[in-house]
Amino acid sequence: MTTALRVPPTQGFGRRISTALLLRPKLLLALLLLPPLLWLGVIYLGSMLALLIQSFFSIDEFSGMIQRSLTLRTYGELLRPAHLDIILRTAAMAAAVTLASAVLAFPIAYYMARYASGRAKTVFYLAVMLPLWSSYLVRVYAWKLILAKEGIVTWIAAELGVENWLEALLSIPVIGGAALSVSYIGTFTVFVYIWLPFMILPIQAALERVPQSMIEASADLGAPPHRTFRNVILPLAFPGVVAGSIFTFSLTLGDYIIPQIIGSSRLFLGQVVYIQQGTAGNIPLAAAFCVVPIVVMSIYLSAAKRLGAFDAL
Amino acid sequence: MRSDAAKRKAPRALSIAAIAGLLFLHLPLALILLYAFSTEDASYEFPPPGLTLRWFAVAWDRQDIWDAIALSLRVAASSTLIAMLLGSLAAAAMSRTRFFGRESISLLIILPIALPGILTGISLRSAFNLGGISFSVWTIMLGHATFCVVMVYNNVVARFRRMPSSWIEASMDLGADGFQTFRHVVLPNIATALLVGGMLAFALSFDEVIVTTFTAGQQTTLPIWMLTELVRPRQRPVTNVVAVFVIAVTFAPLVVAQLLARRTEGTSESGLR
């Protein structure tokens, strides 16, 4: 072994390159960063910027041709009542989904972080990760089966003799509909179902980091468990909730598949973007609609950063 | 330190809420399994009027399904390879050094999954249109690789941070050059992280539908096939069978990836016990 070490270093081409790079760490750094930066910077950011520029173009109402001169007309169109309705409806749905996910996710995350250990913890972890990574479309499809008029929800309601409750739920204006699968209640349920794991994991991570000693200290100082929960655990878990809400909010804002498969005929933002760029051929308006989630998410992200959500990711 | 967690007993309401939450996450998938055997082919009637294995045979003979699976595998394999290369390069650069603009680069890497997929999709589509690039398998891969990079990056960068830089210095001191150090010291250490990141990237690409609807021309990946069936159902039981197939195919590598990630994390922690 010692003889191997005494072999003088070969002065091959490869070694000269590696020495050169070792002596110039900045060059090495640049070489490492160049391919990923080129890819993401040119392909991704480049096309994103191209899209944003197109939002300042406008479409000629008579010929349907895109006029390539800078104008704010398309943004003016965005502020029409019908379009504003769509934006507000989407934002309201995203907020409702986020709130419901947080409420459902918290007990699961809390149990995982504070009571499950060893094998149980692995099982819980897998149980949360698997739906997150299993097929999005298949999971949406499952709800098409569940919420169909002839499906399992109706059957269970009939077995329990509570059909009239279901009727009452569906007859609520705006959120109701002919069947669960064509109502906002359905859309909302599916959104919550699909994004729930994104909320569980950051909350669990935040709760894991609450030191046991702090909870004991709170108890030693005479706080009953519910006060420890409210004054110690909840504030420390809050950044995790905010981190999770970034995902649930952003994903709901941009999704156009779920409301298309399960939902009423009133459109969400993503669907409008899809229609405007596709069949309607109005790229400037589609681009202007795209700016909405970007702006909303930038505000959201900077607020989240202030609340310390990024440390919880 | 972990053992006291087991001694504590969870309040009953909490256990019920946690278990109900998990059931909410898993029962719908179990239901699909049941429907794949249903004899009913025109509606989603529950309970199924009868059970049959027929639809598996029908699905097996459908060439369009096989074509879609083959295309999805091809796209996922290529974009995973690109993502593994770009992601580990970025991870190597970002883990050790601090430099101006570092924060913006890490933001740039996570942006494709932080922003709604529809933005990536429509931007790429309009850019391809502007550039006169026709839609093909290549444009699908290009889109997929863009958001797969972050999966590999996240896993590998975490591993790089745990690897002491003294190991690289030791290797160099012992006379290895940069390439030998990479081959014998760096690569074995990041291998499992790279593998887990690659698996996640593969799963992400295999399942992706939103960006794909924008970057595909006439090509039908498996998710696109599913989407078409969901919007305009032709043969519902066949869709059920394909859904079961997709669940089976994605669960296996995910369980492996999870166990692998857990095990390697476990070894680094087990030094304390």
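**Questions on chains A and B**

Trainee: In which helix is the place of A:Gln204?
Mentor: Residues are numbered from 1 along each chain as its sequence is written, and chains are lettered from A and ligands numbered from 1 in the order in which they are written. Elements are DSSP runs numbered from the N terminus, helices being H or I of at least four residues and strands E of at least two. A:Gln204 lies in the element covering residues 184–208 of chain A, helix H10.

Trainee: Is A:Gln204 buried or exposed?
Mentor: A residue is buried if 20 or more other C-beta atoms, placed from the backbone, lie within 10 Å of its own, exposed if 12 or fewer do, and partly exposed in between. Because 27 other C-beta atoms lie within 10 Å of A:Gln204, that residue is buried.

Trainee: Which residues are in contact with A:Gln204, leaving aside its neighbours within four places in sequence?
Mentor: Two residues are in contact if their C-beta atoms, placed from the backbone, lie within 7 Å. The contacts of A:Gln204 are A:Ala109, A:Met112 and A:Ala113.

Trainee: What does A:Ala113 touch, not counting residues up to four places away in sequence?
Mentor: A:Ala113 belongs to helix H5 of chain A, and A:Ala113 is buried because 22 other C-beta atoms lie within 10 Å. Its C-alpha atom is 39 Å from that of A:Ala168, 55 residues away in sequence. A:Ala113 touches A:Gln204, A:Leu207 and A:Glu208.

Trainee: Which element of chain A has the lowest mean pLDDT?
Mentor: Chain A averages a pLDDT of 86, and 95% of its residues score at least 70. Over residues 1–5 of chain A the value is below 50, and this stretch has 2 contacts in the model beyond near neighbours in sequence. Where pLDDT is low, the predicted coordinates should not be read in detail. The highest mean, 93, belongs to helix H5 (residues 81–114), and the lowest, 49, to residues 2–6, helix H1.

Trainee: Which helix gives the most to the side of chain A that touches chain B?
Mentor: In this interface 77 residues of chain A are in contact with 73 residues of chain B. The side of chain A has 55 nonpolar residues (Ala, Val, Leu, Ile, Met, Phe, Trp, Tyr, Cys and Pro), 5 charged ones (Asp, Glu, Lys and Arg) and 17 polar ones (the others, Gly among them). With 18 residues, the leading contributor is the element at residues 25–54 of chain A, helix H3.

Trainee: How many helices are there in chain B?
Mentor: Buried residues make up 41% of the 273 residues in chain B, and its C-alpha trace spans about 70 × 65 × 30 Å along the principal axes. Strands number 0 in chain B, and helices number 12.

Trainee: What is the handedness of the crossing of H7(B) and H9(B)?
Mentor: Helix H7 (residues 137–162) and helix H9 (residues 178–207) of chain B pack at about 155 degrees, with axes 8 Å apart. A crossing is left-handed if the near helix is turned anticlockwise from the far one by less than a right angle, and right-handed if clockwise. The crossing of H7(B) and H9(B) is right-handed.

Technical notes: This is a predicted model: local features need pLDDT of at least 70, side-chain atom pairs count only at pLDDT 80 or more; totals for chains, interfaces and linings use all residues. Axes are lines fitted to C-alpha atoms, for helices over the stretch in contact, and angles run from 0 to 180 degrees between N-to-C directions. pLDDT is the predictor's confidence in each residue, from 0 to 100.
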